[in-house]
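The entries follow in the order in which I looked.

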Amino acid sequence: MTSPDRLLEVLEKGLRFSAADQTEVVVMAEDTYLTRYATNYIHQNTAEANVEVSVRAVLGKRIGLAVTTAVDDESLRLAVKTAENIARVQPELAEFRSLPDASGTGDGPATCAFAPRTQAFTAEERARSVGRVISLAVSRGYEAAGAFGAGTMTLGVANSLGVRRFAQVSRAGLSAIVMGETGSGFAEGLSLDVERIDVDRIAETAVGKCRAAQNPVAVDPGDYEVVLEPAAVGDLVKYLAFLGLGAKAFQEGRSFMCGRMGELVTGENFTVWDDGQDPAGLPLPFDFEGVPRQKVMLIENGLAKGIVYDSFCAGREPGKRSTGHALPPRARFGAIPVNLHVKTGDSTVPEMVRRTKRGLLVTRFHYTNPLHPVLTTLTGMTRDGTFLIEDGRIKGPVKNMRFTNSVLEAFRGIEAIGSEAVTCPVFRLGAVRVPALKLRKFTFTGATEH
Amino acid sequence: MSSKNSGVEARGGRWSEVRTKHDEWRELSQRALEHLRPKVEYADIRFVSRKGESVEVKNGAVDSVSASSQSGFGIRVLKDGRWGFASSSLPGLEEVLAVADRAVGIARASALVPGRQAELSSVTPAEDSWSSPCKKDPFAVAVEDKLALLFEAEKRIREGGEGKVMVASAGVACQREEKTFASSEGAYVEQEITETGGGLVAFAVGPGELQRRSYPNGDRELSGCAGWEAIEALDLPGNAERVGREAAALLEAKGCPSGVKDIILDSTQMVLQIHESCGHPTELDRVFGTEAGYAGTSFLTPEKLGKFRYGSDKVTLVADATVPGGLGTYAYDDEGVPAQRTVLVDRGIFSNYTSSRETAARLGGLSSGAMRADGWNRMPLIRMSNINLNPGDFTLDEMIKDTKDGLLMEINKSWSIDDRRLNFQFGTEIGWEIKDGALGDMVKSPNYTGITPEFWGACDAVGDKRHWKLWGTPNCGKGEPTQIAHVGHGTAPARFRAVRVGVGQ
C-alpha cells in the first residue's frame, strides 16, 4: 500500500516537473481484495495493490494525456514529458476552455466515503463470510456461487490552477447465487462499510429464492404486468444513465434527452437524480478533475430536467460549469452519472404482487444491452428467480424470458413504487439506489430452456 | 507516411533497455520462487509491462491522444490444493517477497472453507521467448502522421454523410505487452506481443432516430497482432465516404421486417455469433461452474462431449492460438502451456473444450493452453484464443442467389445471450433484404434471435476461403474483477435457414 503522504508528494512533483501552460495530475491508488466461490468452495482469492498516475498537459488549447503505474521521479518526469509531447503535436482544440480552477470548489463537503473497517477486512473474514453462505446452501441441498470483495481507493487530484483534492473511499460487496437442480436464487449487498453487509440475510434471501424457483414452467412470451425487484430496476436505470444522461451523448445528439428538456419522458411518478455526496450510496466526494460532485436532478416527476457535465463539455455551452461528474482521464464516454437515486414510494413487493392480475415477478436481469439508444430500447434475459403472478398471488416459477422493451415507455406505466431503496452496483465506480417497481406493461419476446 | 522516430515517448536504446528489464524480472522471479518453494506445492510469477497509444479525432478536432505505460507483477500459489493470488505495481525485491507471502496467506484463507482441491495436469516446463511479428513499429509512427491520416478519413465521413452525420470519428490504437512467466516447476517464458487496430465510426441523427455505421468492424480498437502495416492495409480514407453515406442512408431505410426468414451473416457479424455461442460455452471453467456467480455457466456439459449435435455438418469450429496475426495469437498461455489448435466442433458434433491445467485434469486430459490474464494484476482465466469457423465452399453470391426470402446482415451492433449461452438476440448495423436470389432494399437495425444448437443446426452454407477473414475482438469481458481479453475470430459469411428476425420491431 502506498501511503497518502507519498501520493501527495507524487501530485506535487508531477505539477513541478511540468512546463505546460496548465497541468493536471490524478493519482488513483487501489488496494482491492476479492474472494470468489462456486460449487461450494473458494476457487479464486486475490489481492491487488495498484497505483496509477494520469498527467494532462495543456499547451494553449492542446491537451496531452499520459498514464503510468510507476511513481519514481524518472517515470513521473517521463509521463509529464510524454503528455507535453502529445499536446505539442496537435492542432488547437477550439472548444477547450480550461481545466477547472479552484474558485468554485471551496473546501468541498465533508462527505464520509470511507470505512476503516472495510480497509481492515481480512481474507480470513471474507472466507468465513462466504463459508456461511455456502453452509446454508449446502444444508438445503443447493450449490452456492458468488464473490465477496472489499477494498479502498485513494484518489488525489491536483492542477496548476490551484485545485487540490484528496479522498479515501471504500467499497464492499457480497453476491450470492444459490442453485438447485432446476432453478436458482440471487441476493447481494453493497456498501462503503463492510459492517453493513448482512451476510446471513443475503444467504437466506438467495436460498429462499432458489427454493421457490425450482421446477419452473414455460410461459409464452408477450406483454405482461411486471413486478421488478430492485436489482432488475437498477439494471434498467444504469442503462438510462449510460445512454443519455451525460453531456457528451447529449451534445452529440445521441441522447434520448435531446430536444426534450422540460418534457414528460416517463410517468409523473418517476424521479431520478445523481448525488455523489449521499452516504446512502457509494459516495465519491469529487470527480476525476477535482470538482465536488453536485446533486443533479435528471428526471423529476417524469420531466426531463438535467444531464451531468465534466469541464470540457461544460465549456462547450455558455455559462455552464462542470457538475463534478468527470470520469477517469482515459474514459471515452465523457461525464456519466454514477451515483444514482430513484425516488421511493410507499409500496412493497408483496403489495405489488397482490395488485397484479397476471404478470411476472423478476428478481434480476442478465446480459442487458441496448438495441436503440434514442428509443432506450434494451434487451436482456431474466435470471435467478422469475415467477408467474395470477390474481394477486405468486403461482410458481417460470423459465427465463427475454425482454425487448423501451425503458422510458415502460416507466410511463409505473403503477407502484417500493418504499425501500436498495444499493446496486453501477459499472465499477458507483451505485444506484433503487426501489422495486410495478409496471403496467413489459414486453417479453422470447424464452429459454431453463 | 513517414516513419521517423519521433514517437511521443522519449527513450534510449531500446534493446538494452528491454534486456535490463527482463534480466531484473528474471532475477526477481527466481528469488520469489526460491522463497515460495518450501511453503507451497506450486507457484508462478508473471511480470507484465504494457504500453499503449491511442489517437482519436472527432468532428474535425482531436478527441483524445493518450499514451499509457503500466507494469507490475502477479504471484499465484497453490497451497494445500487452494489458490492464492496477490499482485502489485510497486517495484523491488522487498515488495515481491511481501506479495509472495500475501498470496500464501490468501491461499491459507481459501482453505478455511472446505471443498475441492486443485490438481494440475502435467506440462513440460518451457524455456523460450517469442515475439509477435511486427513489420512497422506502430509506436515509431509520429502522432502528427497518425492525426493527418485520421483527419483525412474523418473529413471524408462527413462529406459522405451530407449533413446528416452528427458524429464522425476515426481512431488508431496500438499496444505492446512484454511479459515473463516463471513457475516453481522450472518454466521461464518471455513474450512480446504487439497489437494494432483502427477504424471509423459515423452516427447519423434524425428525428427520434440514431444510426451507426462503421469500418472495418464496429469500433476503432485493436484488431490483430501486427504493426502499422495493418493500419495501412485498412485504407481508412478510402472507406470513409461510404461509411458516412451509409450512415445517412440508414436514417431513411425501412425497418427490419418481423417474422421468420433465411439470413446470411457477413463475417463481421459471424464474429459475434461465434464468440457468444461457441467461444464462451466451450470454456471449461464455465462448464464446471466457476463463473456461475457472474456471467453464468454453459449448456455444453461434459456428458455431451463427442456426442452432442451442436450444429449442422457444415459447422467446424476451432480454437487456434497459433494462427498468424490473430488478436488471440500467442506462443504460451499464462500457465506456460504452449499455444495449440483445438477442434471444438467437428462437422457439427461438439468435440472439445478450451481448458486450463486444473480444469483439464478434472477430465483426465491436458490443458489446451487457454489460460490468460488481463495484465499483471489479474489471475489467469480460461479465455478464447482465436475461435474460428472453418471455411466452406460457397461464394457470397451463390448464397444470395440461392435465397428466396431473406436478409443479409453486417457488423454487430447489439448483443445479449442467456447465462447458459442458449437464447440469444443479436442486432447489426445494417441489413439488406434478399428477394428471389437478389439483394434488395437496405434495412435499418436488423436483429435476429435463436437457441444456439438449433441456430447452428440451421447453417446450410459457409463461405469459402476467399471470403474467410480473421477479425479481432478486443473487448471480451469475463470474471471478477472484470478482465478484458483480446481474442480473434476467423470466419467467412454463413447462411442460416428459418430464423426469427425483427424482434421488437
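Before going to the sheet I noted that two strands pair if DSSP finds at least two bridges between them, and that helices (H or I, at least four residues) and strands (E, at least two) are DSSP runs numbered from the N terminus. This is a predicted model, in which local features need pLDDT of at least 70 and side-chain atom pairs count only at pLDDT 80 or more, while totals for chains, interfaces and linings use all residues. Residues are numbered from 1 along each chain as its sequence is written, chains are lettered from A and ligands numbered from 1 in the order in which they are written, and side-chain values use heavy atoms, with hydrogens and water left out.

**Entry 1, a sheet in chain B.** I looked up an open sheet of four strands and found the order E13-E12-E11-E16 (chain B), with antiparallel pairing. Strand E13 (349-350) and strand E16 (387-389) of chain B are the edges, each with a single partner strand, so one side of each has no neighbour in the sheet. Strand E11 (residues 317-320) of chain B is joined to E16(B) by three bridges, the two running antiparallel, and Ala319(B) has Ile387(B) in E16(B) as its bridge partner.

Searching the whole structure, I found 23 aromatic pairs over all chains; rings of Phe, Tyr and Trp (its six-membered ring) pair if their centres lie within 6.5 Å, and planes under 30 degrees apart count as stacked, over 60 as edge-to-face and the rest as tilted. Phe121(A) and Phe148(A) form a tilted pair, 5.3 Å centre to centre with 40° between the planes. Phe121(A) lies in the loop between helix H3 (116-120) and helix H4 (123-139) of chain A, and Phe148(A) in strand E4 (residues 143-159) of chain A, so the pair ties together parts 27 residues apart in sequence. Both Phe121(A) and Phe148(A) are buried, that is, under 20% relative accessible area (1.4 Å probe, protein chains only), where exposed is over 50% and partly exposed is in between.

I then looked up Trp456(B) and Phe496(B), which form an edge-to-face pair at 5.6 Å centre to centre and 80° between the planes. Both Trp456(B) and Phe496(B) are buried, and they belong to one aromatic cluster that also includes Phe299(B), Tyr310(B) and Phe455(B).
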